[in-house]
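Dear colleague,

Here is the structure that I promised to hand over, with my notes on it below. Please read them with the coordinates open beside you.

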Amino acid sequence: MKWTVLGCQSPYPGPGGGTPGYLLEVSGQRILVDCGSGVLSKLGCYFQPHQLDAVWLSHLHFDHIADFFVLQYAVKTEVRLGRRKAPLTVYAPAEPADWAEKLNKYPYVLHQSIHEGQTYPFHGCEITAHRTEHAIPCYALKIQGQEKVILYGADAGPSTPWNSMCIQPDLFVCEGTFLHQDLPLQPVGHHSVLQAAMAAQRIKAHRLLLTHLYPGYSHQSLWNEASSAYSGQLSIASPGWSISL
Ligand SMILES: [Zn+2]
């Protein structure tokens, strides 16, 4: 399995960056996980959008779906030109309903609703969806390959039950939206960097990829806070970062 970062910032992209989007390649399939602002242009550095096998949207907040609507135009064009035959399946929550409806607008895109605890088989892996603590229905993805496991945490607050999803994932992609000193007083369905590091330590993740990063933070400040609570292999996400497992 190969995991590549296309976008990793939030709530908006910094110069040349993008909000969340990741490329999962497994057994020859190309699966886009989240499709934020700026992700489509990065995707084109690897292959053409019509060559995607599936899209997963963890939840329907705009920083995770903005480019999906433009991706639909790409699919439409390639279908018209005869370069793509099959519709593109997008796995996404059914709520909020008014936004889920927009995923189903065209015949060349098929929306498949994702549900808590449900497992979806693909060639070479299976993906299980688990609800996180977030303002709207949001699903972490446990991606079980033949030998390795990736846990993509999507957007998630610190009460998310990571332990019940997965222990010792080979890669834990976890959001760290705030430096801990900037954490809002009220729970907002996001981790601080420190909380992300503590969660990774708790589930004994072999590697933590810290993501969903505010563009105004320096990598050094993120690194310092995360490494204070996590003793495994730490990486700070950036576009183009990639790992083969
Ligand atoms: Zn969100």
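Does aspartate 155 count as buried or as exposed? At 1% relative accessibility, aspartate 155 counts as buried, where buried means under 20% relative accessible area, exposed means over 50%, and partly exposed is in between, with a 1.4 Å probe and protein chains only.

Before going further, please note that this is a predicted model, in which local features need pLDDT of at least 70 and side-chain atom pairs count only at pLDDT 80 or more, while totals for chains, interfaces and linings use all residues. Residues are numbered from 1 along each chain as its sequence is written, and side-chain values use heavy atoms, with hydrogens and water left out.

The metal site

The zinc ion is coordinated by His59 (NE2), His61 (ND1), His134 (NE2) and Asp155 (OD), at 2.2 to 2.3 Å; donors here are N, O and S atoms within 2.8 Å of the metal (3.2 Å for Na, K and Ca), and since water is not among the atoms, sites may look incomplete. In sequence, the donor residues follow the spacing H-x1-H-x72-H-x20-D. Histidine 61, in the loop between β4 (54-56) and α2 (62-65), and aspartate 155, in the loop between β10 (149-152) and α5 (162-165), are 94 residues apart, and the pair links distant parts of the chain; helices (H or I, at least four residues) and strands (E, at least two) are DSSP runs, numbered from the N terminus. Histidine 61 counts as partly exposed, at 26% relative accessibility.

Helix α3 and its surroundings

Helix α3 (residues 68-80) has 13 residues and reaches 18 Å from its first C-alpha to its last, close to the 18 Å expected at 1.5 Å a residue, the expected span being 1.5 Å times one less than the number of residues. Its buried residues are Phe68, Leu71, Gln72, Ala74, Val75 and Glu78. They lie on the same side of α3, because they cover an arc of only 160° around the axis, as given by the directions from the helix axis to the C-beta atoms. These buried residues pack against β3 (29-35), α1 (39-43), β4, α2, β5 (88-92) and β6 (109-113), where contact means heavy atoms within 4.5 Å. Histidine 50, in the loop between α1 and β4, is buried at 11% relative accessibility and touches Glu78, Arg83 and Arg84, not counting residues up to four places away in sequence.

Backbone points to check

Most residues other than glycine have a negative phi, and most peptide bonds are trans. Alanine 154, in the loop between β10 and α5, has a positive phi of about 55° although it is not a glycine, and alanine 154 is buried at 4% relative accessibility. Histidine 212 has a positive phi near 60° and is likewise buried, at 3%. Cis peptide bonds join serine 10 to proline 11, with omega about 5°, and glutamate 95 to proline 96, with omega about -5°.
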